[in-house]
Amino acid sequence: NSYTIAERINSQVNASVTWMSDSEQFGVPEFWVEANTFGDCEDYALLKRQVLLKSGFERKDLHLACCWNETGDYHCVLLCNTDKGFYVLDNRYALPMTPKSLSYKWDKALREDGEWYELLF
């Protein structure tokens, strides 16, 4: 099922990438690219999206989502629609999480058409 695939890919990407800021890696404050060996939160999310697309997920079910975490840092995750509903694939958590189970203040997400929309959880 799609939840199991998302769970596996979340775990694999989290284990294969070492967190590193864009400033350290690229010399700029923000640089969005699929993570390779290193990456920050949006790089993890982009890589997860890429791998899930190759695994048969549709782009409409994979949204980059931005939020503020419990320390007030701006954070990016992948919001993934599975056969069990929407789950957050986050480099900070080994398992997919429901949006409401996280103490994040949600901001916006990016649809497949390239438009940002407000997240209300």
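Let me start with Trp106, which in this predicted model has a relative accessibility of 11% and therefore counts as buried, the cut-off being under 20%. Tyr104, at 7% relative accessibility, also counts as buried. The structure holds four aromatic pairs, and Tyr104 and Trp106 form one that is edge-to-face, because their ring centres are 5.6 Å apart and their planes stand at 65°, where over 60 degrees is what that class requires.

Staying with aromatic rings for a moment, there are also lysines to point out. The charged end of Lys84 sits over the ring of Tyr3, at 4.5 Å from the ring centre, and Lys108 lies over the face of Trp116, with 4.8 Å to the centre of that ring.

Now to the interior. In soluble globular proteins, nonpolar side chains tend to be buried together. Here the largest nonpolar core has 20 residues, and those with the most contacts inside it are Leu52, Leu64, Leu78 and Cys80. Two or more residues of this core come from each of α1 (2-16), α3 (41-54), β3 (62-68) and β4 (74-82), with α3 giving the largest share, six residues. If we take Cys80 and set aside residues up to four places away in sequence, we find that Cys80 touches, among others, Ala6, Leu52, Phe57, Leu62, Phe86, Tyr87 and Leu89, and that its contacts also include Asp61 and Gly85.

The elements that give two or more residues to the lining are α3 and β4, and the largest share, three residues, comes from β4.

Finally, a word on Phe26, which lies in helix α2, residues 22-26. Is Phe26 buried, partly exposed or exposed? At 34% relative accessibility Phe26 counts as partly exposed, since that value falls between the 20% and 50% limits. Leaving aside neighbours within four places in sequence, Phe26 is in contact with Phe31 and Val33. From Phe26 to Glu112 the separation is 86 residues in sequence and, C-alpha to C-alpha, 27 Å in space.

Key:
Residues numbered from 1 in each chain as written. Predicted model: local features only at pLDDT ≥ 70, side-chain atom pairs only at ≥ 80, totals over all residues. Heavy atoms only, no water. Phe/Tyr/Trp six-rings, centres within 6.5 Å; stacked < 30°, edge-to-face > 60°. Buried < 20%, exposed > 50% of the residue type's maximum accessible area, 1.4 Å probe, protein only. Lys NZ or Arg CZ within 6 Å of the ring centre and 35° of its normal. Core = buried A, V, L, I, M, F, W, Y, C linked by side-chain atoms within 4.5 Å. Helix = DSSP H or I, 4+ residues; strand = E, 2+ residues; numbered from the N terminus. Contact = heavy atoms within 4.5 Å.
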